[in-house]
Amino acid sequence: MATKDFDSGTPSGAAAETQWTFLTNHAHVLLTIARDPQIRMRDVATRVGVTERAAQKITADLVEAGYITRTRAGRRNSYTVATGRPFRHPVDAGHELDELLAVLVPESTSQP
């Protein structure tokens, strides 16, 4: 039986390792789209571990904020990740999205 971490209230031990991640769901969706610009929202949701509706909402947030653009191609959407966009949190001031993409998206799939 896992014990509770006194400070955070989360289970300690091996189970606690899967309770949180360093990146937000917005970052996960953006990275998933950057890796596969023609991916379906159903597949984004599966890879990120959220509902399809949540993936759609996050994608809409990213489009509205200018981090990605959506282009309709027949019955499918195609996405382009914007370059030169700053991170939104003050802790990350002075850094751009391109830095994250350079580390976490393979060169063969990154956008120009």
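At what angle do helix α1 and α3 pack, and how far apart are their axes? Helix α1 (residues 25–35) meets α3 at an angle of about 80°, and the axes lie 10 Å apart. Axes here are lines fitted to C-alpha atoms, for helices over the stretch in contact, with angles running from 0 to 180 degrees between N-to-C directions. Helices are DSSP runs (H or I, at least four residues), numbered from the N terminus. The two are therefore roughly perpendicular (65 to 115 degrees).

A quick word on the model: it is predicted, so local features need pLDDT of at least 70 and side-chain atom pairs count only at pLDDT 80 or more, while totals for chains, interfaces and linings use all residues. Residues are numbered from 1 along each chain as its sequence is written, and side-chain values use heavy atoms, leaving out hydrogens and water.

| Pair | Angle | Axis distance |
|---|---|---|
| α1 and α3 | about 80° | 10 Å |
| α2 and α3 | about 105° | 8 Å |

In the α1 contact (heavy atoms within 4.5 Å), Asn25, His26, Val29, Leu30 and Ile33 touch Ile58, Thr59, Asp61 and Leu62 of α3. For α2, Met41, Arg42, Val44 and Ala45 meet Glu52, Ala55, Gln56 and Thr59 of α3.

Now for the rings. There's one aromatic pair (ring centres within 6.5 Å). Trp20 and Phe22 make it, edge-to-face (planes over 60 degrees apart), at 4.9 Å centre to centre and 75° between the planes.

Methods: Phe/Tyr/Trp six-rings, centres within 6.5 Å; stacked < 30°, edge-to-face > 60°. Parallel < 35°, antiparallel > 145°, perpendicular 65-115°, else oblique.
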